[in-house]
Amino acid sequence: MISYIIKRLFQIIPAILITSFIIYFAMNLTGGDPAMIIAGDKASKERIEEVRVQYGFDKPVLVQYLKYMGGLLKGDLGISYVTNKDVFKSFMERLPATLELSFASVLLAVLISLPLGIYTAINQNTWKDNTGMAFALFGVSMPNFWLGLMLILLFSQQLGWFPSSGRRNGIASLVLPAVTVGLGLAALITRTTRSSMLDVIRQDYMRTARAKGASNQNVIIKHALPNALIPIITVIGLQLSNVLTGSVLVETVFAWPGVGRLVFDSISKRDTPMVTGAIILCSILMVLANLVVDVVYAFFDPRIKAQYMKKGRKHGSSKSETHEESL
Amino acid sequence: MEAVKAKPMKKVYKSRSFAAETWRRLKKNKGAIIGLIFLSILVTLAIGSGFFYNYNTNIIGQNITDRFQLPSLQHWFGTDQVGRDIFARILYGARYSLIISVGSVFIGLVIGVILGAFAGFYGGIIDAIIMRLTDVLYAVPNIMIAVVIVSLLGTSAVNLLIALAIPAATNFARIARASVMTLRGQEFVESAYAIGMPSWKIIVKHIIPNSLSPIIVQITLLIGTTIIAASSLSFLGIGIPVPAPEWGAMLSDGRAYMRSAGYISVFPGLAIMATVLGLNLLGDGLRDSLDPKLKK
């Protein structure tokens, strides 16, 4: 298991290399003059030239990129051209807000979608199923930035229950952004849960459990759900990684000071170190989120755990053996 | 007794084509038909809007005396902050949403299917390079890829098409690769090889037509998500340039007047939702019709 986790962590390296290469070059080839951004609009030509030499912008882009990667090896993601702050520190200042929003929305989505998905599956082709699926269909079809605006209109401006923007009022500030992201996710997870449960409840072992006299609730919770969880965890994991890095719209609607908005603002200001650094850190977050999902698989499914163990033993006994088995 | 003349049983079984069989199953799916009817009406109205309305006067022309009119018989969805009729702008805006989403999905389809088919067919280093590239693109959220591309290349309809086509291409590449990998060992592919057909011809003539079902379903569903993505970019201010009546941009315009005229943001959002809902209904119906085994 540990060797598998280490191997997965090493997979971050090519992802970082490719992503940083693409972003760094794209920003340099299409962006404005970084020396001008740092020196300011009113700076003289001499000052701009001075900055260009000082920061090494007079050198070829490849040399600049290699210098950047050299810094990255030492854990240095550079300094923002615009704010003059350390990129890593700026990212870390925004990360708690993103984590808070991501986990709250995924938690809300799971709390809604798991019971709803199970309920619709066990009532397949009834009005209860149709209503649940209609909710899910509306949920996946609704743009979340519009839902956010509608929630602000109703709960903030008409009823005055929650603040419409910012993160200053603790949990009250979190409610509307989390509901906005969470409802969309809930719709997706409900569809997967229903479909996965339908696969499982037709299996022979379910009939056996019923024949042995197990109650319906017991059959669903103890026999069906654990077997249906793998696709559900996959979708939750995928959505968690998307929310961690892709909530720029909801962050814009609610003025939520998260990572998505930081990347968006940095791109529009042509802040190359901030964009490259933030996207590298986002990729690491995504890989870590996927890794957590893989570990959670093993926790819920003993078959997968056994595969990890087998791999670990193989790895221990013969170093040359490759990990050809896919999970 | 008169012998009963037995008439020879003659029952002709008409074999239906793949398309006819799919249509027969699709017709039974109420949701898919509702989606199809809605989309047909929307496309007709979007095309017709060019005849009913004048772009310069009705769509982008300002009429300050009529601003902030609530929905009424004269202005079905009301008027916006500069007096433009929201209903007319939504109908006209459907053109942008549909053209951009269909266009980018089509570009993504061509690029993705070619790359995915070659990766799946040849395997080895070609497969590794193409799939690692799609993995990297897959690891970054679609909206972020689109934001980076449009911000770097500048806001224009062409750049928006490129930005939205890339995530679509990664989706199609994965689907095409998976289909091709399952098909390449089949007997009809081996027979084509045996008669000396070149690989590219086998891919184009035999493999791609046989892996169409998942691709067709993905097209309908991706057009829906691309409509949302395109309006998201306009909402962020990097989509179709103003004053074009793009739905996301109209929503964004209405944000400033949420307190006094909330309806300005309500209707464009409903238009996006209804269109994507129609596409999702059709996509779900097509999935069931193309592969009845999946229907649950």
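Begin with chain A, coloured by pLDDT: in this predicted model, the chain averages a pLDDT of 83, and 91% of its residues score at least 70.

Next, select residues 87-122 of chain A. These residues form helix α6 of chain A, which has the highest mean pLDDT among the elements of that chain, at 93. Then select residues 302-317 of chain A, where helix α15 has the lowest mean pLDDT among the elements, at 62. Move on to residues 316-327 of chain A. Over this stretch pLDDT stays under 50, and the model has six contacts for these residues beyond four places in sequence.

Now turn to chain B and display it as a cartoon.

The C-alpha trace spans about 90 × 75 × 35 Å along its principal axes. The radius of gyration of chain B is 24 Å, whereas a compact globule of 296 residues would have one near 19 Å. Of the 296 residues in chain B, 44% are buried. Among contacts in chain B with a separation of 6 or more, 69% join residues 24 or more positions apart.

Finally, show both chains together. The contact between them takes 32 residues from chain A and 30 residues from chain B. On the chain B side, select α5 (124-139), α6 (142-153), α10 (212-235), α11 (247-255) and α12 (263-290), each of which supplies at least two residues. Colouring this side of chain B by class gives 19 nonpolar, eight polar and three charged residues.

Key
Residues numbered from 1 in each chain as written. Chains lettered and ligands numbered in written order. Predicted model: local features only at pLDDT ≥ 70, side-chain atom pairs only at ≥ 80, totals over all residues. Rg over C-alpha atoms; globule rule 2.2 N^0.38 Å. Buried ≥ 20, exposed ≤ 12 C-beta atoms within 10 Å, placed from the backbone. Contact = placed C-beta atoms within 7 Å. Helix = DSSP H or I, 4+ residues; strand = E, 2+ residues; numbered from the N terminus. Nonpolar A, V, L, I, M, F, W, Y, C, P; charged D, E, K, R; others polar. pLDDT = per-residue confidence, 0-100.
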